[in-house]
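The structure is shown first, and the points follow by topic.

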Amino acid sequence: MTKAGRICEDYSDYSPEWIRKSVARSLKRFATSYLDVVSCQDVEFVNFEETLQVVETLYELSHSGVIRCVEISGADIDILEAGQLTLQNTWLEKGGLNAFGLAGVKAVCNSSPLAIRLLRNVRVPVGALVKWHPAPPELRAVCQEAAESVQDQGDSLVSVALRFSISRAQKASQNGLNDTTITGIISESDLEENVQTAKQILQKSTILAPNAGINSPDDLLFEYGDLDEEAVSRDSPLYEGARTIRGRWLDYDFFWPQRPKAQVQAQRED
């Protein structure tokens, strides 16, 4: 799975020429003849006509066999926003999944488990991203406090936050609805750290890997299909502590600050 459109923090290119170039570059980087999924990201930043043009270009590539599935992502629909099942905000779990299930959706991808870099070991980076990031200064401050608290306990907020999102997504996968977690990476070391973190909260499935041993040469992440309940239990104090620090900012949705709490509760009860 890869994406096209967004190039860096403050620049995007949704032209057909760039979309084709981006896909070709991904094919070369992955050393493959096709891509399973290509996501056109952040389409809310372009007009409707440009969005249709992007979709048309991606489907042309799909019909030619270069792309198997086309995805469109954005933050302007309340239950399709990023960062909705995190240590900070569990809206997807409380209301969003129910809405998806009622609509007949079979799979949901929970993106940005670090709340768009908010749940980091350091403050949200300076520069263009600060202007774009929707979290208010007060929320950033309590997240930094949580990071310091977790660090004092010998762990990192990045790892704890990712383990939290993966575990909650696994528990939410029921009644025919599969909830998976998508992580972003900018380097091989990021990928390796994410894989190791996922293995801390999951355990090997006897169905997916009946004969493979832990840390063997064939110790592949896709074999870890079951939630490790003992690991979740060990992590629970860290989860609770990091969430409690947020106080009134807990479950604050920085994409929709005025989301009614009564609505969240009502959808949870449904």
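The expected span of a helix is 1.5 Å times one less than its number of residues. Helices (H or I, at least four residues) and strands (E, at least two) are DSSP runs numbered from the N terminus. The model is predicted: local features need pLDDT of at least 70, side-chain atom pairs count only at pLDDT 80 or more, and totals for chains, interfaces and linings use all residues. Residues are numbered from 1 along each chain as its sequence is written, and side-chain values use heavy atoms, with hydrogens and water left out.

**Overall composition**

- The chain contains nine helices and nine strands.
- Of its 270 residues, 41% are buried, where buried means under 20% relative accessible area and exposed over 50%, with partly exposed in between (1.4 Å probe, protein chains only).
- Among contacts (heavy atoms within 4.5 Å) with a separation of 6 or more, 66% join residues 24 or more positions apart.

**Helix α2**

- Helix α2 (residues 48-63) has 16 residues and should span 22 Å at 1.5 Å a residue; its end C-alpha atoms are 22 Å apart, which agrees.
- T51, V54, T57, L58, L61 and S62 are the buried residues of α2.
- Seen down the axis of α2, these buried residues fall within an arc of 145° and so line one face of the helix; the arc is that of the directions from the helix axis to the C-beta atoms.
- An α-helix has 3.6 residues a turn, so residues three or four places apart point the same way.
- The cover over the buried residues of α2 includes α1 (16-30), β4 (35-40) and β5 (67-72).
- F48, E49, E56 and H63 are exposed on the other side of α2.

**Packing of helix α6**

- Axes are lines fitted to C-alpha atoms, for helices over the stretch in contact, and angles run from 0 to 180 degrees between N-to-C directions.
- The axes of α6 (residues 157-172) and α7 (residues 188-201) come within 9 Å and cross at roughly 55°.
- That makes α6 oblique to α7; angles under 35 degrees count as roughly parallel, over 145 as roughly antiparallel, 65 to 115 as roughly perpendicular and the rest as oblique.
- S159, L162, R163, I166 and S167 of α6 make the contact with N194, T197, A198, Q200 and I201 of α7.
- α6 and α8 (residues 229-244) pack at an angle of about 120°, with their axes 10 Å apart, and are therefore oblique to each other.
- In this contact, V160, R163, F164, S167 and K171 of α6 meet E229, V232, D235, L238, Y239 and R243 of α8.
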